[in-house]
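Thanks for coming, everyone. I'll keep this short. Please look at the screen.

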Amino acid sequence: MNLSEFVHLHVHTQYSLLDGACRVEGLVQKAADLGMPALSMTDHGNMFGTIHFYKACKKAGIKPIIGCEAYLTPGRRLDKNPDQKDIFHLTLLAANNEGYANLIKLVSASYLEGFYHKPRIDKEILARHSKGLIGISGCLKGELSCHLLRGNDEAALKSADEYRHIFEKGAYYIELMDHHIMAQRTVNESLLLIADKLGLPCVATNDVHYIEQNQAMAHEALLCIQTQTTLDDPKRMRFATDQFYFKSAQEMQSLFAHLPSAISNTLRIADSCELKLNFDQYHLPRYDVPGGQAPQSYLEALCQEGFKKRYPSGIDDILRKRLDHELKTIVDMGFVSYFLIVWDFIKHAKSVGVPVGPGRGSAAGSLVSYLLGITDLDPIKYNLLFERFLNPGRKSMPDIDIDFCYERRGEIIDYVTRKYGVNNVAQIITFGSMQAKAAVRDVGRAMGMSYADVDRIAKLIPHELGITIEQALDVEPQLREAVQVDKTAKQLLATAQVLEGLNRHASIHAAGVVISDKPLTEHVPLFKSSDGQVTTAFDMDGISQIGLLKMDFLGLRTLTVINDCLKLIKELHGVDLNIDTVPLDDPKTFVMLQAAQAMGVFQLESGGMRDLLKKMKPSEFEDLIAILALYRPGPMGSGMLEDFIKRKRVDQKISYPHPKLEEVLRATYGIILYQEQVMQIASVMAGFSMAQADDLRKAMGKKIPAEMQKMRGLFIQGCAKTSQLPEIQANQLFDLIDYFAGYGFNRSH
């Protein structure tokens, strides 16, 4: 056997929530560096990182083995017996898609049915869902090891025999570990005897809680953070050795030189695991159309009704062509039900008086959304692009964010739950991670440092969103000096640097709701929070990756305030005001805004924004759109903001990169401000379709060299053909829009 061909079957990641100090990317990179052909992730009691891990392994050319180190109660999972002390560990691996489906059901049941201090399963449910699973007997907290450590060899033998019959033939292994712990070596001798008596294969595993051996101290600090103890507490939870790191095949071979079959069985297990996750399918719930009408016909009929309401004076060829194009794209991409579902719950919200926002994000570029009442912004009037929302050349789920009154948002979630089934709807999990300052403070407490000392160091980290300790050391001289002169500070920052970015806790996403075509446990494991709320165990990104419909039901207090104001106006003045008919060109309103009287105005009330209102003196609604796009670090730092103000005041000459672009850039005084303008320039100058133009916009945003080079060539060719633009000028124009694309704002938003 090639020594590099050893497979780690027992790895804990950051998704264990303060149990494993292993980031998925680092873990996979380590496996790749060591030439590992496969890697398993078996977090304690959960599958949080499944999709992230699976994709990272695939990208690195490593076979991902999805698993879980389950908690198993010797009693019934439904019992909540305070005298029941034992909770055994059992390693489960998905050998195939059936096993993966069963693993999802087991993990879900452990939270929804068996949770008592920890998410628990029992042998009854394990036996029901054991097909396609490989069982491995577990660490020192496994059932067999616990019996053996108590001197009850017969109970251990009986348990092994039970498991042998629970799992399919040849799918149960006796697990051997060696982390230089005497109890493990003692237990291993007895486990070998059990394996020999029952004819069971053994497998050598390495329980990995951190990647490098020198990270053991950081992991100890992590355990202290979790258990709210300090490193000098003699009673704190601790690992017996520093051997819980990612070992090489050679190290494992050395540990188990007397049992080569236990090493080779890791390959045997890896070879038997053939899980194939499909990321190209959508699992949209079915919208029941009244009268048995075809969903496509029903959607088209609703759009025709919308035409009458939105455009009472009649429609022209531009509107007809736009609608035909959008409907064709929606039908071809399989999203008819999606639009009907969204239309339905927004219609319900409005019918019961729940205030709904006018729409935000790229969905505002859809005429279909406008006709259905999903959005209230006319994409034709505001020159918004459908392909910025839904690109037929790049299949991905639409993403519509909907604002509801903060106080009544829950009513709409309840409506969706009733309509599509309580088992098919859930809110979505989110993970809070340890950022630089928090990591320093948490580690400082674990090290027993005084609050004043920790606070002094934490405050030296610049107050920037997403800044890392490494970046802080680069930009803050006082922090570098502290590390150089103070050994404790150096240790504090070194330890915190290992832990920053790790997941700290799980909670419910503020807006995310998932709606499935089947019970969610057919697609995703479920999780129950400490207060009894059921969520998915995959986050928003994971939900999207597996093709489930996720919606953002955002609770917006501004809508609640507006609604309360309308009620008060009616009550005090007898005026029944409709917020949707308030004119957008009211002169008095702009006088107030020019004077920065914007307290309480959504997105315009901050001090910096009010200063900008004074400088810009907005005089029309288009100026307000521009203000929101300009008030960001990129445009402000690049000088774009100052140029815009000068051009609006006519203090600076307005010029255009090319005469053909005057119509595209007139509203922004010749400045490329919006992502949609980047797309329009590509269309006008190079003849790109809007789908191609959106691909260009996305490539410029991601700055992928190979993709950028390809796009540059297509752009230059297109400019020559469409605009007779020489190559040198086409290159200059490409560079110009590439520069502005880095600051471009989604105008629809």
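Let's start with helix α27. Its buried residues are covered by, among others, α24 (607-616), α25, α26 (633-638) and α32 (727-741). One caution before I go on: this is a predicted model.

So which residues of α27 are buried? In this helix, residues 640-648, they are Met640, Leu641, Phe644, Ile645, Arg647 and Lys648. Viewed along the axis of α27, these buried residues fall within an arc of 165°, so they line one face of the helix. An α-helix has 3.6 residues a turn, so residues three or four places apart point the same way. After α27 comes valine 650. Its phi is positive, near 65°.

Next, α25, one of the helices covering α27. This helix spans residues 621-630, and glutamate 622 sits in it. Is glutamate 622 buried or exposed? Its relative accessibility is 17%, so it counts as buried, because the cut-off for buried is under 20%. What does glutamate 622 touch, leaving out residues up to four places away in sequence? Ala667, Tyr674 and Arg747. With arginine 747 there is a polar contact, side chain to side chain, at 2.5 Å.

Cysteine 202 is in no disulfide either. For cysteine 202, the nearest cysteine sulfur is again that of cysteine 139, 16 Å away. Both cysteines are buried: cysteine 146 at 14% relative accessibility, cysteine 202 with a relative accessible area of 10%.

That's my tour. Over to you.

Technical notes
Residues numbered from 1 in each chain as written. Predicted model: local features only at pLDDT ≥ 70, side-chain atom pairs only at ≥ 80, totals over all residues. Heavy atoms only, no water. Helix = DSSP H or I, 4+ residues; strand = E, 2+ residues; numbered from the N terminus. Buried < 20%, exposed > 50% of the residue type's maximum accessible area, 1.4 Å probe, protein only. Polar contact = N/O pair within 3.5 Å; in protein donor to acceptor, adjacent residues only side chain to side chain. Contact = heavy atoms within 4.5 Å. Disulfide = S-S within 2.5 Å. Arc of directions from axis to C-beta.
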